[in-house]
Amino acid sequence: MKPQKNCSILLTEILGFLFLIVRFTSPVEGEVHFYDFVVREKNFTKLCSTKSILVVNDSFPGPEIRVHKGDTVYVNVHNQGYYGFTIHWHGIKQPRNPWSDGPEYITQCPILPGTNFTYEISLSTEEGTLWWHAHSDWTRATVHGAIVILPSVGTTFPFPQPDEDETIIIASWYEGDIKELVDEAMEDGSDLPHSDAYTINGEPGDFCPCSSETTYHRMVDYGKTYLLRIVNANINAEHFFAVAEHNLTVVGLDGAYIKPIDTTYIVISAGQAVDVLLKANQSPGQYYIAARQYSSEDPEVTGFDHANVTAILEYRGNYTYQTSPSFPTTLPMYLDYAAAIKFTSQIKSLATPKDPIDVPLSVTTKMFITVSMNDLTCSHPGCETTKQISSSMNNISWINPTTDVLRAYYRNISGVYTTDFPDQPPSYYNFTEETFVDNIVFTVQGTKVKVLNYNESVQIVFQGTNVMKGSVNHPMHMHGYSFYVVGSGYGNYDDEDDPKGFNFVDPPKVTTFGVPKNGWLAIRFIANNPGVWFWHCHFDRHLSWGMDTAFIVKNGGTAETSIRRPPAYMPPCRFCGDKAMSADHVFSPAQVEALARVEACKWCWNGAISPVRPSRSSCGRTRWTPPFTTFSLW
């Protein structure tokens, strides 16, 4: 009897064969790559204890995707875990293809346990370093990895060719079961968990217990130049980063090159990826690569993770080691607001003939969006008090629907979302003044989106607020686009005076950038990528509490300016009795009415609807045990 191949692995091979047929019968730009991501739980030991975490291909962090500008990548994701999740390709614009963007309940439903889904990742203008991560609750804490995008074949970097490159991923480590901790906090309305340590390439480093034997080392040769590709994969933290006794030259941010910045430290927001040149020109020895959290919260808030995460830069050669590596004296302290601003204010686009900018000088749509911490009335049985922590944009706290927004938009399904996300906050007040007034503190939930016509020129001003004394730096991330940061400032935005200082010469072009604490951020972009695109704070605490929304960008007038047809298979949004809905499913009137009745989610057992949600779990996120088809999500 012949051995049988795993069906989902076989699917990848079939896709590859079919693509080769297409490739040799039609013009294709760039190369095509295929990856298999097997996602399952595996034991890891950190901080003196062992626990099981969800990872890709048994590694933490996950595998690196290495390609050239303009390539296409197919990633077949196999869920061998115990709950559903999705994968997002952070910073990849995915032209006309929101079907593979990945955010849960925005562009797809979760990949269910025991199933697989193949993403098509279409690279366009991106070049440099980006990353991929899970986009379901806080699963990305352990499910993430780097995307290295080299210059297209026949071209070079806009700076001297480095001798080697090195990926450095800074991440969070939680001693408990992160899924259970988050689910419990969301159920009872309490604070979400804080990390117990940070890691560099999976290791906490010398200053954490039981960690010095596994500290990450990078060997270097004297005289060589190294391109450090630094990714901040942390769940809820910005970081200062430095290398002892070495200068850094920042050359890229979020998959785009920038004017070089010579510095002794950087600050990197959650979700950002920074390209940095390091010249190995110091005396042979060992030097700490170190990062510590930059906290923009009120100085009275001291409960954040104070761990210094370290790796070691080690020169090759025969020499006598010091007692211990030297630590970077240039690494700013936790609350060094001035150091953070000094660094970010230097970020500028190259703005050269080879790397031009295209910032819209006039706009057709203006939005003014407040980003706030809030309270929300808590009335379900799991609440410990009458209110729960929340967050909002323009006082709307996002709540996920029960099917994804993209499917509903593409199939014209009503009752899933509304198109009335406001262009202005419901009221104007002194945004940066500490306030506890009820009609400002309390927010309302909704699944409200903003609709844009194709090719609209958009300006958004994000205004930070100090509601409940909760002002912090908010790293805002937009899916499907890069945007130009034309201005930022402190205090309340002034629509008369502040635009006079906008930068239209060399504004940074990014996918993630911080709204300053008690300040504002002005961005511009052209809505020329049709689809449904998520927009959110990249602190998962704030995302979970509702600081997110979505844009729907309408089709243009041609096939080339319209959303691509959905793939033949999308992960189903399930109904009782295990009736799955494909991407092409047309809802019956009864199903639409049922969706409209659902408050958040319902559960069924062998086809019988139960309105009772399993304890300590959120919609669609409970752990399932074989057989996986027993449970079915409404």
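These legends describe close-up views of a predicted model.

View 1. Helix α2 covers residues 178-188. Its buried residues are Ile178, Lys179, Val182, Asp183, Ala185, Glu187 and Asp188. Asp177 caps the N-terminal end of α2. A side-chain oxygen of Asp177 lies 3.0 Å from the backbone nitrogen of Lys179. Gly189 follows α2 and has a positive phi, near 80°.

**View 2. The salt bridge of Glu64 and Arg66.** The structure holds 23 salt bridges, and one of them joins the side chains of Glu64 and Arg66. Here the N to O distance is 3.0 Å. Glu64 counts as partly exposed because its relative accessibility is 30%. Arg66 is also partly exposed, at 33%.

**View 3. A salt bridge between two loops.** Glu127 pairs with Lys69 in a salt bridge, with the closest N and O atoms 3.8 Å apart. Glu127 sits in the loop between β6 (116-122) and β7 (128-134), and Lys69 in the loop between β3 (65-68) and β4 (72-79), so the pair ties together parts 58 residues apart in sequence. Glu127 is buried, with a relative accessible area of 9%. Lys69 is partly exposed, at 30%.

**View 4. Asp506 and Lys259.** A salt bridge joins Asp506 and Lys259, the closest N and O atoms being 3.2 Å apart. This pair links distant parts of the chain, 247 residues apart. Asp506 lies in the loop between β27 (483-490) and β28 (509-510), while Lys259 belongs to strand β15 (residues 256-263). Asp506 is buried because its relative accessibility is 13%, under the 20% cut-off. Lys259, at 30%, counts as partly exposed.

How values were computed: Residues numbered from 1 in each chain as written. Predicted model: local features only at pLDDT ≥ 70, side-chain atom pairs only at ≥ 80, totals over all residues. Heavy atoms only, no water. Buried < 20%, exposed > 50% of the residue type's maximum accessible area, 1.4 Å probe, protein only. Helix = DSSP H or I, 4+ residues; strand = E, 2+ residues; numbered from the N terminus. Polar contact = N/O pair within 3.5 Å; in protein donor to acceptor, adjacent residues only side chain to side chain. Salt bridge = Lys/Arg side-chain N within 4 Å of Asp/Glu carboxyl O.
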